[in-house]
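Subject: A structure for you to explore

Hi there,

Here is the structure I promised you, with its sequence. Have a look around it first, and then read on for what turned up.

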Amino acid sequence: MAQHLFDLTGKKALVTGAAVGIGRGYAVALAKAGADVAVIDLDEKTGQKTTKEIKSFGKNSIFVRCDVTKKDQVDAMIADVIKKFGHLDIGVNNAGIGILGGDLEFTHENWNKVINVNLTGMYLCAQAEARQFVKQNPVGGKIINTASMSARICNCNASYNASKGGVVEMTRMLAAEWGTYNINVNSISPSYILSPMHASTPLEVRARIRELTPLGYVQRPEDLYGPVIFLASEASNYVTGIDLLVDGGHTLNAWLTPLHREVPPRISPEQEIAQLKHDLAAMELPFDENGINKSLHPEIANAYKTAFGLTEN
Ligand SMILES: NC(=O)c1ccc[n+]([C@@H]2O[C@H](COP(=O)([O-])OP(=O)(O)OC[C@H]3O[C@@H](n4cnc5c(N)ncnc54)[C@H](O)[C@@H]3O)[C@@H](O)[C@H]2O)c1
C-alpha cells in the first residue's frame, strides 16, 4: 500500500527554477517517483542538462524557458507543457532569488526584483496551474511552493524574509479558496542548502550550521525528495495550506546549549556538497573547496566573513 500511496506513475509535473539546486532536486525526486517532469527555468543550457538526466531514468522530460515574473511567459509555458504532456497534475513553484544588503541601504529596485520573483512569480504560476486544474476537473491537482525557514527566523533581509513570509500566507489563502476544486496548495520551507545560491558559504559557516542543527549536517536537495513526493502524491490528499518545515531542527533555536553529538550525523561534510559540485559542473563554473566561489555570489562569502570575523584563506 505504501508504495502505491507515493507512486506518481502517469502524473505530469512542472518545476520552476529546476535547472539546478533545490528545483533540480524536486524534479529528480518526482521523476524517480514515476512522474514526467517539465523543467522550467531562465537558464536554458543548464536546464536542458537536467531534462536529459531525467530522461535517463526512463521518464519523459521537456525544458521550457520562462521568466516567472512575466505573466505572458507563464501562460505560454503552461500552454507548452499541456501541448507536450496532455495534462498537468503537479505544479512546483520554486524559482527564487535573494539579494544581500542591509535594509537602510537596500534599493527600491532590488526590493522589487526579489518580490517580483519570489512572491509575484510564484502567484502567477500558481494561478495559471490552478486554472489548468479547474479545466481538467474533477481530478484537481497539487501545488507546492518553496518558502523558507526565513519566513520564521530573521536571517537575510526584509525583501527576502518578507517574500517568504508572503509565500506561506499566500499558500494558506489559495488552499482555502481552491480546496473546492480539489486543489491542494502547500509549501515547503528548507533551511540552508548548498545550492548554487549558497555556493559561497565558507567552511567556518558550514561548521557553525552543523553545530546549531540538531541533526548535525548541512541540508542537501536530496533531503527534500521525501517531502516533495509526499505533497505531490495521494499520500497528502487531505493535507492543504500547510508549510512543511524541513530544517533538521535548525529553527528549534538550540544555541544556548552547544549541541553534543552522541553519534556521527547521517551525512558527512563531503556528502553535503555532492549536489553543489554536480550543479556547478553543469553550469560550467569552478567549485571552490573553501566555499568562496568568485564566479557566483562572492558577496555572500564576504558578508559571512565580516559577520563571523573571518580572515581570507
Ligand atoms: N538554498 C537555500 O539555502 C534555500 C533555503 C530556503 C529556501 N530556498 C528557496 O528555494 C528556491 C530555490 O533556491 P536554490 O537555492 O535552488 O537557488 P539557485 O539560485 O541555486 O537556483 C534557482 C534557479 O531558479 C532559476 N530562476 C531564477 N529566477 C528565475 C525566474 N525569474 N524565472 C525562472 N527561473 C528563475 C535560476 O536560473 C536557477 O536555476 C528559492 O525560492 C529559494 O528562495 C533556498
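A term to start with: two strands pair if DSSP finds at least two bridges between them. Please also keep in mind that this is a predicted model.

**The strands**

Strand 1 (residues 12–16) pairs with strand 4 in the parallel sense, over three bridges. In strand 4, Ile90 is the bridge partner of Ala13. Strand 4 also runs parallel to strand 5, and four bridges join these two. Here Gly91 stands opposite Ile143 in strand 5.

Which way do the residues of strand 4 (residues 90–93) point? Ile90 and Val92 point one way, Gly91 and Asn93 point the other way, and all are buried.

**Helix 6**

The buried residues of helix 6 are Ser159, Tyr160, Asn161, Ser163, Lys164, Val167, Thr171, Leu174 and Trp178. What do they pack against? Their partners are helix 5 (108–136), strand 5 (141–146), strand 6 (183–190) and strand 7 (243–246).

**Helix 11**

In helix 11 (residues 298–308), the buried residues are Ile300, Ala301 and Tyr304. These cover an arc of only 100° around the axis, so they lie on the same side of helix 11.

The buried residues of helix 11 pack against helix 7 (203–211).

**Around the ligand**

There are 29 residues around the ligand, and those that come nearest are Gly17, Gly21, Gly96, Ser195 and Met197. Which helix gives the largest share of this shell? That is helix 2, with three residues. Helix 2 (21–32) and helix 5 each supply at least two residues of the shell.

As for the kinds of residue, the shell divides into 14 nonpolar, 12 polar and three charged.

Enjoy exploring, and write back with any questions!

Best wishes

Key:
Residues are numbered from 1 along each chain as its sequence is written. This is a predicted model: local features need pLDDT of at least 70, side-chain atom pairs count only at pLDDT 80 or more; totals for chains, interfaces and linings use all residues. A residue is buried if 20 or more other C-beta atoms lie within 10 Å of its own, exposed if 12 or fewer, and partly exposed in between; C-beta atoms are placed from the backbone. Two residues are in contact if their C-beta atoms, placed from the backbone, lie within 7 Å. A residue is near a molecule or strand if its C-beta atom, placed from the backbone, lies within 6 Å of it. Ala, Val, Leu, Ile, Met, Phe, Trp, Tyr, Cys and Pro count as nonpolar, Asp, Glu, Lys and Arg as charged, and the others, Gly among them, as polar. The arc is that of the directions from the helix axis to the C-beta atoms.
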